[in-house]
Amino acid sequence: MPNPTAAMIVIGDEILSGRTRDTNTQYLAIQLTEIGIDLREVRVVADNPDHIIAAVNALRAQYTYVFTSGGIGPTHDDITSDCIAKAFNVPITVREDARKILAANYQNPETDLNEARLRMARIPQGATLIDNPISKAPGYRIGNVHVMAGVPYIFEAMLAGVIPTLTGGKPLLSTSIRLDRREGDIAERLGQIAEDHPNVTIGSYPFVRDGAFGTNIVIRSQDKDAMQDAAMDVLDMIAPIH
C-alpha cells in the first residue's frame, strides 16, 4: 500500500521578497519522512486571497494531508483564516474556546484582548483547534488541512501535537556516499545502477569543497535491503575510480 501523501503551503509576501527565510518546509519534511508520509509538493504563495484559496483547494483535493504556515496573526495582512473559510465555503467567527485560550495570556483580558488580538480567535466553522504551547494563539485543522503559525519555533511546537494524530506509512530510509569525482565521471554507470534497482531512488548532488569537485550520492528506499543492495553496487562502481 502506498504511503499517505502531503503538501505544504507557505504563505507570506515576506518569504517571496527574501526578507524571511522559510525553514518550516524542511522541518515538516523531516518529521513527515520519519512517520512514512511523503511530502510531494510545496507552494509559496503571496498574501493574495485568490492565490491562497486556489492553492488550498487544489492541494487538499490531491493529497492526503495539507499543511499551511503563516498568516494567522493579529495584523491586517494575516488573511489565511479568511481564505481557508472561503476555500471550504464555511463562515468564520471568533470562537469562544479559542477566545478563552487567548484570554489566559493576559492579566486584564477584557481590555488587553483587543480587536486585533481577537483576530487570532477567528476560526472557520467545523475546525478542530491545534494547541499552541508557545504563544497560545491556536492553529486548527479543517478537513485534511492543518493551519499553523509561520514563526518557526511556534510552527514546530504546533506540529509536535499534530504528528501523533496523523496516519503514516513506511518511513523512507536513506544512506549517503561521498565521491571525490565529478558527476560526469559516474553519470552513465550510476544511471544503470538506478535502472537495476527499481525499488530505490538514487540522487546525485555535486559540490565543490576547497576547490575540488565531488558528488554526494544519496540512496533512498522504504526497503532497507533494497537500499543496501543499491549502496553496494555504488561502492563497487566507485572503487576502481578512487
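Me: In which handedness of crossing does helix 3 pass helix 4?
Reply: This is a predicted model, in which local features need pLDDT of at least 70, side-chain atom pairs count only at pLDDT 80 or more, and totals for chains, interfaces and linings use all residues. Residues are numbered from 1 along each chain as its sequence is written, and side-chain values use heavy atoms, with hydrogens and water left out. A crossing is left-handed if the near helix is turned anticlockwise from the far one by less than a right angle, and right-handed if clockwise. Helix 3 crosses helix 4 in the sense called right-handed.

Me: How are helix 3 and helix 4 oriented to each other?
Reply: The axes of helix 3 (residues 49-62) and helix 4 (residues 80-88) cross at roughly 50° and come within 9 Å. Angles under 35 degrees count as roughly parallel, over 145 as roughly antiparallel, 65 to 115 as roughly perpendicular and the rest as oblique. Helix 3 and helix 4 are therefore oblique.

Me: How are helix 9 and helix 10 oriented to each other?
Reply: Helix 9 (residues 183-196) packs against helix 10 (residues 224-238) with the axes 10 Å apart. The angle is about 155°. Helix 9 and helix 10 are therefore roughly antiparallel.

Key. Axes fitted to C-alpha atoms, helices over the stretch in contact; angles between N-to-C directions. Helix = DSSP H or I, 4+ residues; strand = E, 2+ residues; numbered from the N terminus.
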